[in-house]
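Have the sequence and the 3D view open side by side.

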Amino acid sequence: SPPQPSGVEDEDASPRSLADDLDASRPPNALHVHLLRARKLPAVDTNVLSKNSSDPFVVLKCCGVTLKSTARHRCLDPEWGETFVLPLDDETETLELTAPPRRLLW
């Protein structure tokens, strides 16, 4: 699994900048994705007695790893506020995000 930031700093260490931590000769080893929100998603669940809705979630794929967000029930404008860390073998890899209709998975 990718290394996680410890949040612990050495008191005797000299101050470091972000540029100090970046080494252009090495590919990155983790991709941090913060999933915020989606807007105006199509309704998948139709209901005569209430508003049409969906139970959306997002699937993230990168470097052969697949992660899934939590589902937001009965919502067409969901907000997640979730963070994901995916391993990154190569800076040319592609991140694929999809929000499949929940009904298709039942």
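Which residue forms a salt bridge with arginine 39? It is glutamate 79, and the closest N and O atoms of the pair are 3.1 Å apart. Keep in mind that this is a predicted model. Look at how open the two partners are. Glutamate 79 is exposed, at 51% relative accessible area. Arginine 39 is partly exposed, at 41%.

The structure holds 2 salt bridges. The other partners to find are arginine 72 and glutamate 82, whose closest N and O atoms are 3.6 Å apart. Arginine 72 is in the loop between E3 and E4, and glutamate 82 is in strand E4, so this pair links parts that are 10 residues apart in sequence. Arginine 72 is partly exposed, with a relative accessible area of 25%. Glutamate 82 has a relative accessible area of 15% and is buried.

Now step back to the whole chain. It has 1 helix and 5 strands. Read from the N terminus, the order of elements is α-β-β-β-β-β. The chain has 106 residues, and 24% of them count as buried. Its accessible surface is about 8200 Å², with 52% of that belonging to carbon and sulfur atoms. Next, take the contacts between residues at least 6 apart in sequence. Of these, 62% join residues at least 24 apart.

Next comes the sheet. In what order do the strands of the open sheet stand? The order is E3-E2-E5, with antiparallel pairing across the 3 strands. Neighbouring strands here are turned by 15 degrees against each other on average, direction ignored. In general, strands of a sheet pair through backbone hydrogen bonds, either parallel or antiparallel.

Follow E2 through both pairings. On one side, E2 (residues 59-62) and E3 (residues 65-68) run antiparallel and are joined by 4 bridges. On the other, E2 meets E5 (residues 96-98), again in the antiparallel sense, over 3 bridges. In E3, leucine 67 stands opposite leucine 60. In E5, the bridge partner of leucine 60 is leucine 97. Lysine 61 is bridged to glutamate 96 in E5.

E2 and E3 also form a hairpin, with 2 residues between them. One turn residue deserves a look. Cysteine 63, in the loop between E2 and E3, has a phi near 55 degrees, a positive value in a residue other than glycine. Lysine 40 also has a positive phi, near 55 degrees. Lysine 40 lies in the loop between E1 and E2. Its relative accessibility is 76%, and it counts as exposed.

That E1-E2 loop holds a contrasting residue. Is serine 53 buried or exposed? Serine 53 also lies in the loop between E1 and E2, but at 10% relative accessibility it counts as buried. What does serine 53 touch, apart from its neighbours within four places in sequence? Its contacts are Ala43, Val44, Asp45, Arg74, Cys75 and Leu76.

How many residues make up the largest nonpolar core? There are 11: Val33, Leu35, Ala38, Leu41, Val58, Leu60, Cys62, Trp80, Phe84, Leu86 and Leu88. E1, E2 and E4 each supply at least two residues of this core. The largest share, 3 residues, comes from E4.

Terms used: Residues numbered from 1 in each chain as written. Predicted model: local features only at pLDDT ≥ 70, side-chain atom pairs only at ≥ 80, totals over all residues. Heavy atoms only, no water. Pairing = 2+ DSSP bridges. Salt bridge = Lys/Arg side-chain N within 4 Å of Asp/Glu carboxyl O. Buried < 20%, exposed > 50% of the residue type's maximum accessible area, 1.4 Å probe, protein only. Core = buried A, V, L, I, M, F, W, Y, C linked by side-chain atoms within 4.5 Å. Contact = heavy atoms within 4.5 Å. Areas by Shrake-Rupley, 256 points an atom, 1.4 Å probe, with all protein chains shown as cover. Axes fitted to C-alpha atoms, helices over the stretch in contact; angles between N-to-C directions.
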